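Here are my notes on the model you sent over. I have kept them as numbered points so that you can go through them with the structure open.

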Amino acid sequence: LEAAPGNIAEPNPDKQELSSSDTVEVSGEALHAPVEKTLTEVERILAAPASKPFEVLGLLPTNSSGYSIRSAFRRLALLVHPDKNPGHEDRCKQALLRVSAAREAAESLLGSGASVASKLSASESDSKEATVP
């Protein structure tokens, strides 16, 4: 069979495709989009209190399931893995450890049978009582 002329996409030498490591120019500022996103996510993870595992994972405790916890963990673990972020290994390792601990805590809260929201509110009230002199 012979292809009809004009149906085959010819490579355009003037058109350049960007790879994930290319710098994108946005209104005069050069941004490394993947690196910026990763560093922003690392800072968000490390800023979230360890006592709030759903916040670390970026989930709402009221509608989280085992699947959503595992899915959020996998997404974040791949994003902040130290091997994928050369030059930021220490911060990424801390973030990966925090995400891993949050996954375990969230799954244990979810798997114990009681309402996650009631457990979280009880743990927050316990911590408030402990800090009051």
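1. Of the contacts in the chain between residues at least 6 apart in sequence, 53% join residues at least 24 apart; contact here means heavy atoms within 4.5 Å. Please keep in mind that this is a predicted model, where local features need pLDDT of at least 70, side-chain atom pairs count only at pLDDT 80 or more, and totals for chains, interfaces and linings use all residues. Residues are numbered from 1 along each chain as its sequence is written, and side-chain values use heavy atoms, with hydrogens and water left out.

2. The chain has five helices and two strands, in the order β-β-α-α-α-α-α from the N terminus. These are DSSP runs numbered from the N terminus: helices are H or I with at least four residues, strands E with at least two.

3. A word on confidence, given as pLDDT (the predictor's confidence in each residue, from 0 to 100). The chain mean is 76, and 59% of the residues reach 70 or more. Among the elements, strand β1 (residues 24-26) has the lowest mean, 43, while α2 has the highest, 95. Residues 15-31 have pLDDT below 50, and this stretch has 13 contacts in the model beyond near neighbours in sequence. Where pLDDT is low, the predicted coordinates should not be read in detail.

4. How much of the chain is buried? Buried residues make up 22% of the 133, where buried means under 20% relative accessible area, exposed over 50% and partly exposed in between (1.4 Å probe, protein chains only). The accessible surface comes to about 9500 Å², and 55% of this belongs to carbon and sulfur atoms; the areas come from the Shrake-Rupley method with a 1.4 Å probe, and for residues only the protein chains shown count as cover.

5. The largest nonpolar core has 21 residues, and those with the most contacts inside it are Val42, Ile45, Val56, Leu57, Val80, Ala95 and Val99. The elements giving two or more residues to this core are α1 (33-47), α2 (53-57), α3 (66-80) and α4 (89-111). A nonpolar core is a set of buried Ala, Val, Leu, Ile, Met, Phe, Trp, Tyr and Cys residues joined through side-chain atoms within 4.5 Å.

6. Valine 99 is in helix α4 and is buried, with a relative accessible area of 0%. Val99 and Val56 are 43 residues apart in sequence but 6.5 Å apart in space, C-alpha to C-alpha.

7. Beyond four places in sequence, Cys92 is in contact with Val42, Val80, His81, Pro82 and Asn85.

8. Leaving aside neighbours within four places in sequence, Ser64 is in contact with Phe54, Leu59 and Leu110.

9. Finally, Arg103 lies over the face of Phe73, at 4.6 Å from the ring centre. The criterion is NZ of Lys or CZ of Arg within 6 Å of the ring centre and within 35 degrees of the ring normal.
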